[in-house]
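Please look over the sequence and the model below.

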Amino acid sequence: MKQKKPTWVIQKERDRRAAAAETVWLFGLHAVRDALSNPMRERLRLVVTKNAADRLAEDIAKSGMEPEISDPRKFSAPIDPQSVHQGAALEVKPLDWGNLTDLCAPRGQNSRVVLLDRVTDPHNVGAILRSAEVFGARAVIAPHRHSAPETGALAKTASGALERQPYLRVKNLATTMEALREMGYHLVGLDATGDTSLEGIAQDQPIALVLGAEGPGLRDKTKETCDTLARIDPAGDFGSLNVSNAAAVSLYAVGRPN
């Protein structure tokens, strides 16, 4: 008699098949151009207007793709009609950045990573990826659940950074934080009630910045896993930054070794 597979095995196989079948539509000239130039990207279908095709001609030629020319008044790519696509849309497979150890193993005292706790707005995540790339972070890390997946809106906000800055989604954020600690990272949670000013964090060490969603902030478990809770000191009484601005400020503050 054939032995029945455990439920968890069946679910894991389903999740694997679903991931293999998943595709993403990127849109906008910057996002499409960078994806066309990224050798790590698996590209499936390119829909462009004649004008966009002319502007992307060199990148299209290098990619080897055969574009589908679409009427700008009836853009044929299956994306939200309200999307600011600029006449260019590209269907791709999500990027596979590999594993945490390979991506984040410190290479010097000023290695930096960013962890996001329940940050679900793709525009915020896109902006954080852009800042992370500018300030040389090793990766941006978020949990599979309650985080922003790779989407066209995220890619457009990232303005090309999605193709350069690793965006790693993990099963469990706290477990990943522990693994980073084992790798030598100091885990700094950003919290308005933190006992330490971010400016007081020693910069001559690998640092993992942990940021929470606007409003609820970091979860209790995430706070407990951090080594330090630090605050960004405002100049006056108004001390609120959105999460993408807080990420940029934090990366700049810890990005200059002593």
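How many salt bridges does the structure hold? There are 13 salt bridges, a salt bridge being a side-chain nitrogen of Lys or Arg within 4 Å of a carboxyl oxygen of Asp or Glu. This is a predicted model, where local features need pLDDT of at least 70 and side-chain atom pairs count only at pLDDT 80 or more, while totals for chains, interfaces and linings use all residues. Residues are numbered from 1 along each chain as its sequence is written, and side-chain values use heavy atoms, with hydrogens and water left out.

One of these bridges joins aspartate 34 to arginine 164, with the closest N and O atoms 2.7 Å apart. The pair links distant parts of the chain, 130 residues apart: aspartate 34 lies in helix α2 (residues 29–37), and arginine 164 in the loop between α7 (152–158) and β7 (167–170). Helices (H or I, at least four residues) and strands (E, at least two) are DSSP runs, numbered from the N terminus. Aspartate 34 has a relative accessible area of 15% and is therefore buried, whereas arginine 164, at 46%, is partly exposed. Buried means under 20% relative accessible area, exposed over 50%, and partly exposed in between (1.4 Å probe, protein chains only).

Arginine 231 and aspartate 233 also form a salt bridge, at 2.7 Å from N to O. Arginine 231 is partly exposed because its relative accessibility is 26%.

On the surface, Val134, Phe135 and Tyr252 make up a nonpolar patch with about 310 Å² of accessible area together. Such patches take residues with over 30% relative accessible area and no salt bridge, joining like charges within 9 Å and nonpolar side chains (Val, Leu, Ile, Met, Phe, Trp, Tyr) within 5 Å. Accessible areas come from the Shrake-Rupley method with a 1.4 Å probe, and for residues only the protein chains shown count as cover. Phenylalanine 135 sits in the loop between α6 (122–134) and β6 (140–143).
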